Amino acid sequence: MKSVILRGEDKFYSVGKIICLGQNYAEHAREMKFEVPASPVFFFKPPSAIIHNGGQIVLPEISNDVHHEVEMTVLIGEKGSHIHRSAALKHVAGYGIGLDLTMRDIQLEAKKKGLPWSLAKGFDTSAPVSEFIPAETVGDPGSFHVQLLINGNLRQSSSTDKFVFPVDKVISYISQFITFEPGDIIFTGTPEGVSKITHGDKLEASLLDANKNNLVSLSVSVE
Ligand code: MG
């Protein structure tokens, strides 16, 4: 069983569903030659994919092109279905930073054949996540910044105000079909700048507030 922690509350959450948004930044959709969707597009990762700060990413041998995707993460703290947009953020326990690691060659092959992305996105160690910052201690999740350094070089940097679908809308939309439960995690989609990671790389992802103060970081390396 995988769990995550909410900072300052000594509270562990067993991880339930991991819901990941696709194409939630227009620039990334363009670089992938995907269309910007009319409603949120999402897929799942299994909780077994989670690793934590200080962990090691293991690259599967079937892929020659595992990509980093830095994303703000959302921890659900309160159960709900058919959640109205105006009440959606009340269901959030905290915010963090994560990496939606993707076997891009396997994903593109699956996409071409109309097959699911489960293998490309759900392999062991494909979901590094930080601890979570309690929602009530931070500002509007639509004003944060995400960034990723690899071996000290800035590789991805963007703001959550560029989301195609903001967090409240995502929660409201998905909850019309799927009940959220405490311990569920949402990966909110990656900005542009995705590229390949290789053995020995050191990845440092951060979530920053509107004033660019660091809220939380995640440091992992590639085996
Ligand atoms: Mg992603």
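Here is a walk through the model, one selection at a time.

Before clicking, know that this is a predicted model, in which local features need pLDDT of at least 70 and side-chain atom pairs count only at pLDDT 80 or more, while totals for chains, interfaces and linings use all residues. Residues are numbered from 1 along each chain as its sequence is written, and side-chain values use heavy atoms, with hydrogens and water left out.

**Stop 1: the metal**

Select the magnesium ion. Glu 69 (OE), Glu 71 (OE) and Asp 100 (OD) coordinate the magnesium ion at 2.0 to 2.1 Å. Donors here are N, O and S atoms within 2.8 Å of the metal (3.2 Å for Na, K and Ca); water is not among the atoms, so sites may look incomplete. Along the chain, the donors of the magnesium ion are spaced E-x1-E-x28-D. Glu 71 sits in strand E8 (residues 70–76) and Asp 100 in the loop between strand E9 (92–99) and strand E10 (102–103), so this pair ties together parts 29 residues apart in sequence. Helices (H or I, at least four residues) and strands (E, at least two) are DSSP runs, numbered from the N terminus.

Now colour by accessibility. Glu 71 is buried at 0% relative accessibility, and Asp 100 is buried at 0% too. Buried means under 20% relative accessible area, exposed over 50%, and partly exposed in between (1.4 Å probe, protein chains only).

**Stop 2: the nonpolar cores**

Next, show Ile 57, Met 72, Tyr 95, Ile 171, Ile 197, Leu 203 and Leu 207: these have the most contacts inside the largest nonpolar core, which has 44 residues. A nonpolar core is a set of buried Ala, Val, Leu, Ile, Met, Phe, Trp, Tyr and Cys residues joined through side-chain atoms within 4.5 Å. Elements giving two or more residues to this core include strand E3 (18–22), strand E13 (145–150), helix H4 (167–174), strand E16 (202–208) and strand E17 (214–222). E17 provides the largest share, five residues.

Zoom in on Leu 203. Leaving aside residues up to four places away in sequence, Leu 203 touches, among others, Ile 57, His 68, Leu 99, Leu 148, Ile 197 and Val 220; contact means heavy atoms within 4.5 Å. Then move to a second, separate core of 22 residues, with Leu 6, Phe 43, Ala 127 and Val 129 among its members.

**Stop 3: helix H4**

Select H4. Six of its eight residues are buried: Val 167, Asp 168, Val 170, Ile 171, Ser 172 and Ile 174.

**Stop 4: the cavities**

How many cavities of 30 Å³ or more are there? The count comes to two. On a 1 Å grid over the protein atoms alone, a cavity is a set of points where a 1.4 Å probe fits but cannot get out, and lining residues have an atom within 4 Å of a point. Grid points are joined across faces, edges and corners, and a volume is the space filled by probe spheres set on the points.

The largest cavity has a volume of about 90 Å³. To centre on it, pick Gly 22, Gln 23, His 28, Glu 69 and Lys 121, which lie nearest the centre of this cavity among its 16 lining residues. Its lining divides into five nonpolar, six polar and five charged residues. Ala, Val, Leu, Ile, Met, Phe, Trp, Tyr, Cys and Pro count as nonpolar, Asp, Glu, Lys and Arg as charged, and the others, Gly among them, as polar.

The second largest cavity has a volume of about 40 Å³, and its lining has eight nonpolar, two polar and no charged residues. H4 gives the most to that lining, with three residues.

**Stop 5**

Pick His 82, in the loop between E8 and E9. His 82 has a positive phi of about 50 degrees although it is not a glycine, and is exposed, at 56% relative accessible area. Thr 125 has a positive phi near 75 degrees, but is buried, at 10%.

Finish at Val 194, in the loop between E15 and E16. Val 194 is buried at 12% relative accessibility; not counting residues up to four places away in sequence, its contacts include His 28, Glu 69 and Arg 104.

Definitions and conventions:
On a 1 Å grid over the protein atoms alone, a cavity is a set of points where a 1.4 Å probe fits but cannot get out, and a pocket is an open set with protein on both sides within 12 Å along at least five of seven lines; lining residues have an atom within 4 Å of a point.
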